[in-house]
Amino acid sequence: MNNPFEDRILFQDNHIIVINKRAGEIIQGDKTGDKPLSETVKEYLKYRFNKPGNVYLGIVHRIDRPTSGAIMFAKTSKAASRLSKMFQSKEIEKTYWAITAEKPKNKEGTLTHYLQKNNNKNKSFAVDNKRDGYKKAVLHYEVLAGSDRYHLWEVDLETGRHHQIRVQLAQIGCPIKGDLKYGFARSNKDASISLHARSIEFTHPVQKEPVKITAPVPKDKLWEFFERNVS
């Protein structure tokens, strides 16, 4: 009998496993005490491959708790080391989808801001011009589709700052649907925000072959409408 968790595995080999994260899941343990996705993945690997003792799993990047989509873990320390370096040197391309109620003046473009993280509030603040203590944040976007009330964005990050997409879109008057922290008026019913890590593209750290992994959108009418109209 299949483990139901297997339906969420987007890619797996001896070195890497990629999961379609649900909104609300945390990647690793935090002060909430909630069970992290990393532990669920370890339990799955132990069960699936009948592994004795502890299972190794390397966390090589993260996604915000209310965000869904593709998250990659390393199954070996060698892969973890190589993937971490690849993320740091921007050799791994992550593409996000976001839904907003407002649309930008231009259908596509580049946003550049300067961000400062406030740890106490777990929030980043953006300004338009360079300022001491603020880090440069750059993203590229295209509005792919629209419904009667909402717009679907595709976003590629050039930098990887705390809450970057959320704060930059809010800074131009387009907060992400459901994101109360950054100014959207109403929460989503499931407490998610409408931000989805749609794809990861990279050269395999061991096999050296190109890999592209796409994460299906959450089971939600609006997400599914956009996925149908873009695919």
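Which helix holds Arg 48? Arg 48 is found in helix H1, residues 37-48. The model is predicted: local features need pLDDT of at least 70, side-chain atom pairs count only at pLDDT 80 or more, and totals for chains, interfaces and linings use all residues. Residues are numbered from 1 along each chain as its sequence is written, and side-chain values use heavy atoms, with hydrogens and water left out. Helices (H or I, at least four residues) and strands (E, at least two) are DSSP runs, numbered from the N terminus.

**Arg 48**
- Arg 48 counts as partly exposed because its relative accessibility is 42%. The cut-offs are under 20% relative accessible area for buried, over 50% for exposed and partly exposed in between (1.4 Å probe, protein chains only).
- Its side chain makes a polar contact with the side chain of Glu 6, at 3.3 Å. A polar contact is a pair of N or O atoms within 3.5 Å; within protein, one must be able to donate a hydrogen and the other to accept it, and residues adjacent in sequence count only if both atoms are side-chain atoms.
- Phe 73 is 25 residues from Arg 48 along the chain, and their C-alpha atoms are separated by 16 Å.

**Largest pocket**
- The volume of the largest pocket is about 1500 Å³.
- It has 40 lining residues; the closest to its centre are Arg 62, Ile 63, Asp 64, Arg 161 and His 162.
- Helix H2 (77-88), strand E5 (93-100) and helix H3 (164-171) each give two or more residues to this lining.
- On a 1 Å grid over the protein atoms alone, a pocket is an open set of points where a 1.4 Å probe fits, with protein on both sides within 12 Å along at least five of seven lines; lining residues have an atom within 4 Å of a point.
- Grid points are joined across faces, edges and corners, and a volume is the space filled by probe spheres set on the points.

**Second largest pocket**
- The second largest pocket has a volume of about 750 Å³.
- Among its 29 lining residues, Asp 190, Pro 218, Lys 219, Asp 220 and Trp 223 lie nearest its centre.
- Strand E2 (16-21) and helix H4 (221-230) each give two or more residues to the lining.

**Strand pairing**
- Strands E6 (108-118) and E8 (135-146) pair in the antiparallel sense over 8 bridges. Two strands pair if DSSP finds at least two bridges between them.
- Thr 110 has His 140 in E8 as its bridge partner.
- E8 also pairs with strand E9 (151-157), antiparallel, over 7 bridges. Val 143 stands opposite Trp 153 in E9.
- E8 and E9 form a hairpin, with 4 residues between them.
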